[in-house]
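Please report on the structure shown below.

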Amino acid sequence: MPAFRIAMLPGEGVGPEIIAQARKVLEALKPLGFHAEVEDGAVGGVACESHGSPLPAETLSLVQRADAVLFGTVGDPRFDHLERAARPERALLGLRRELGLFACLKEVVVPPDLVRLSPLRSERVAGTDLLVVRELSGDVYTGLPRGQRCAPDGDFEGQREGFDTMRYAEDEVRRIAGIAFEMARARRGKLASVDKANVLETSGLWRSVVSELAAQYPDVELTHLYADNALMQLIGHPASFDVIVAGNLFGDLLSDAASALTGSIGLSASALLGESAKGMFEAGHGTALDIAGQDIANPIACIRALGLLLRHSARRPDLSAVIEVAIRSVLHQGYRTVDIRRSSTRLVGTERMGDLIADAARSGSTFTEH
Ligand code: IPM
Ligand code: MG
């Protein structure tokens, strides 16, 4: 059998240093019988500089050949003056399109060890364990027409105006809702679908399609929430959620809000999936240019992204579990990067955190949380 091929796309900012830690953890899995071929590709601002494009053809052909993609971080305000299509962030949208990724899964768990890190009171956030399933290919992100023009009519006729099109076809809603129902079935059997059906036609269709599909999942308890209320509930009662499903735009907001519940966006990772097993996996936080290269970034989200890669693309849930156990045991021993530090914990840098988790994975440590 040919080796499993992973394309690693570090990008800029803290991307390269967190990807380097994931690579160490991958190495540590060798004794457990997992060997992958790793190839690096340029993406984002660094690719703008080296190749004149945020997603060069070489990188595209690399990801086409690969079995899975581990993505670092992209984004640099130095490129903000460029037209939108030439900016580093464009690489993300291009990869999603090229790989046909239409689902973004973000799991947010607040373990007992980290409960006091949350910006919310401990009793509110305790027990939070939820999954946001975000549709990733449609909605106002890609709907046409869109543009900027001179307003042809209306109260502001003659002024410059910007416009986008929010749209979803029923099959698009059905395939993402199907994933969400399946996930809910495999978890605690609760699904919250988020829309603005009180205002938007797109949401009206979304709600009907999700409701129709519910007939096939009598074991899943479905509720519909308006997006504003959903965000309010997420902050007020995070532990009441199991699976949340939303379109691209509302899902974007919900995913970040949900991951902020942990107290650091350096902890939870995202799996970007399509029809095939080939997915893209990322920490999902920004480039944090202000702390890049200082050995203080938290590599945990990126290492978790590797875990998701092993679970979803390499079909090795056992190895994914080894990584998760390694992370939890290192945290349980009190090791912390500065973003998740509290007094009486042991402060470590990016490299050391990577080494600790790699060592724990290598020894296949077992650990049970109390
Ligand atoms: C994300 C980001 C992207 C998005 C941006 C950078 C295009 O916020 O991955 O969630 O909105 O999808
Ligand atoms: Mg986002």
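D195 sits in strand β8 (residues 190–195), where helices (H or I, at least four residues) and strands (E, at least two) are DSSP runs numbered from the N terminus. This is a predicted model, in which local features need pLDDT of at least 70 and side-chain atom pairs count only at pLDDT 80 or more, while totals for chains, interfaces and linings use all residues. Residues are numbered from 1 along each chain as its sequence is written, chains are lettered from A and ligands numbered from 1 in the order in which they are written, and side-chain values use heavy atoms, with hydrogens and water left out.

With a relative accessible area of 1%, D195 is buried; buried means under 20% relative accessible area, exposed over 50%, and partly exposed in between (1.4 Å probe, protein chains only). The backbone nitrogen of A197 is reached by the side chain of D195 at 2.9 Å. Beyond its neighbours within four places in sequence, D195 is in contact (heavy atoms within 4.5 Å) with S203, W206, R207, H224, L225, Y226, A227 and F250.

E172 belongs to helix α6 (residues 170–186). A polar atom of the E172 side chain lies 2.8 Å from the backbone nitrogen of A169. Residues up to four places away in sequence aside, E172 touches E135, S137, G138 and R167.

G127 and T128 are both found in the loop between α5 and β5. The C-alpha atoms of G127 and P238 are separated by 8.5 Å, although these residues are 111 residues apart along the chain. T128 touches P238 as well, together with V108, V109, V110, A239 and L261, not counting residues up to four places away in sequence.

| Residue | Relative accessibility | Class |
|---|---|---|
| E172 | 13% | buried |
| G127 | 54% | exposed |
| T128 | 1% | buried |
| C104 | 6% | buried |

The protein is divided into domain 1 (1–102 + 274–370) and domain 2 (104–268), with bounds that come from an automatic or database domain assignment. The contact between them takes 23 residues from domain 1 and 24 residues from domain 2. The C-alpha centres of the two domains lie 24 Å apart. About 2000 Å² is buried between domain 1 and domain 2, and carbon and sulfur atoms give 53% of that area; buried area is the accessible area (1.4 Å probe) that two parts lose on being put together, summed over both. On the domain 1 side, R96, F102 and R342 lose the most area to domain 2, together 31% of what that side buries.

The largest nonpolar core has 70 residues, of which L70, F181, F281, L310 and I357 touch the most other members. Such a core is a set of buried Ala, Val, Leu, Ile, Met, Phe, Trp, Tyr and Cys residues joined through side-chain atoms within 4.5 Å. Helix α10 (residues 300–312) gives the most to this core, with nine residues. At least three residues of the core come from each of domain 1 and domain 2. Among the contacts of F281, leaving aside neighbours within four places in sequence, are L70, L273, A305, L308, L309 and H312.

Zero disulfides are found in a search of the whole structure, a disulfide being a pair of cysteine sulfur atoms within 2.5 Å. The closest cysteine sulfur to that of C104 is in C302, 15 Å away and so too far for a bond.

Terms used
A polar contact is a pair of N or O atoms within 3.5 Å; within protein, one must be able to donate a hydrogen and the other to accept it, and residues adjacent in sequence count only if both atoms are side-chain atoms.
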